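Hi,

Here is the structure I promised to pass on. My notes follow below it.

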Amino acid sequence: MNGRARFAFTVLAFGYAFLYLPIVLVIVYSFNESRLVTVWAGFSTKWWQALFANEAMLDAAWLSLRIALVSATTAAVIGLAAGYALARAPFFFGRTLFGSLVIAPMVMPEVVMGISMLLLFVGSEQLLGGPDRGFLTITLAHTTFSIAFVAIVVQARLADFDRSLEEAAMDLGATPWTTFRTITLPLITPAVGSGWLLAFTLSLDDLILTQFVAGAQSQTLPMRVYSSVRLGVDPQINVLATIIVCVAACALILSGWLTRRKV
Amino acid sequence: MRYAIALPFLWLAVFFLLPFALVLAIALGTNAPDVAPPVELGFSFKNFALLFSDDLYVAAWLSSLRIAATSTLIALLLGYPMAYAIARARPEWRPLLLMLVVLPFWTSFLIRIYAWMGLLAKNGLIDQFLRWSGIADNPGSILGTEWAVHLGIVYAYLPFMVLPLYATLEKLDTSLLEAAADLGAKPLTAFLTITLPLSLPGIVAGCLLVFIPSIGEFVIPDLLGGTDTLMIGKVLWDEFFTNADWPLASAVAICLLILLVGPIALFQRQQARSLERRT
């Protein structure tokens, strides 16, 4: 190894150790006998059993999954439209505003978005008598911040690929809708898919926005985790972390494999 | 095409623009604890005046800026060599190395911060290590200090720094560096005069992507910081949930937005420019 390679190796080893050491330790301690995360007291699966018997946690997980499914799908449709408009309509009235509006939720501090959406729902409750805060309001909030992520992925993908295919279809007499359906959509399906996955993950993980708009009755998984973690370290959370890391790793490997096959 | 513009436009107008108008309206109102919702509409700037006159709020603004800026700098110093090493790695290794940077981002944010709680606590592994290695005799708990908050921000947002840096460094034309070497430039000179300036767009994008979210951060100062760690996101949260002062919390939100308009506009312009370059 020459000097440059050794430098690169050291940098990467240190960087990845920093990124992964905490995660590895959380996983290891999910099998700890003791309640304390500072002491190793032998191997045990009792926290795993405790988590799967924890009704409140399971209910929260189920609610989070349903919200993520609905909000990611809605965001994928709207984000697809937004990304398509940004990539294929170079000039229209209000395009700059439209572009900023689409990207803004991505960079907006979550506390700001949280308070603003809550005020919207409180306002509509006062004026229109609804909707009740819970599943619907959380889903609407998650959809709103996820649109940007789908739109960006779709726009980048559309900017990359050859426009002449679409033009050829139009020249041959296809309507814009037919062109979109038969040429554009199949080409950007992987992008929409990875945008959907991103939206799904973000929704599943969101705490701050959810805490603002959730109301008193519904508790999502991150809300549960947060209220338990605030009181200190809890081995059941280590178990949950282990599951989440494994699922994320599998999903990422799968999506990497899928996109590579497409290319 | 008309629908492709109208659908997102309407959605974002109702669920994104309209709410901000409401925040502004509420920020000009008065706190009314006896009614629900606890707001009396009005037109006064006293909430904003309070934010700029009360020492606690001023200190919170300043320390948010300071913590976000230093964390961004640390993330840059750590992320740049990583991105550089990945961009110079063998092409068949790059996807795997990049995936390893992105993977933590796909796991839960909350849980990644939680992971540090056990590590940083008194008698936690880091505490034990410091005592065992003799670096510090009685380090005590790092948890609850500003150190822990910096660490948490760098840890949570490092992928956002590495990815844009990698994107610019990977495209960098290495023949420029060879030319510089042929003309007798030392590696350091070549780096400072070629690599660094050409990767500037990545540096700017990465820094903004770390700086913008860390300014309004709530989870990290709440879980890793102590009672004396003041950050504006936490102030907003406490005013809203603990003190139930909606108008004051709204005023904090407006100020946070104004503070971030500059960085966000810069980021959007750069995004738009890099997309246009690809088309």
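In the interface, 65 residues of chain A are in contact with 72 residues of chain B (contact: C-beta atoms, placed from the backbone, within 7 Å). This is a predicted model: local features need pLDDT of at least 70, side-chain atom pairs count only at pLDDT 80 or more, and totals for chains, interfaces and linings use all residues. Residues are numbered from 1 along each chain as its sequence is written, and chains are lettered from A and ligands numbered from 1 in the order in which they are written.

On the chain A side, the elements giving two or more residues include α1 (3–29), α3 (55–88) and α11 (235–262). Helices are DSSP runs of H or I, at least four residues, numbered from the N terminus. By class, that side has 52 nonpolar, 10 polar and 3 charged residues (nonpolar: Ala, Val, Leu, Ile, Met, Phe, Trp, Tyr, Cys and Pro; charged: Asp, Glu, Lys and Arg; polar: the others, Gly among them).

As for chain A itself, it has 11 helices and 0 strands. The C-alpha trace spans about 75 × 70 × 30 Å along its principal axes. Of its 263 residues, 43% are buried (20 or more other C-beta atoms within 10 Å of a residue's own).

Best wishes

Note on methods:
A residue is buried if 20 or more other C-beta atoms lie within 10 Å of its own, exposed if 12 or fewer, and partly exposed in between; C-beta atoms are placed from the backbone. Two residues are in contact if their C-beta atoms, placed from the backbone, lie within 7 Å.
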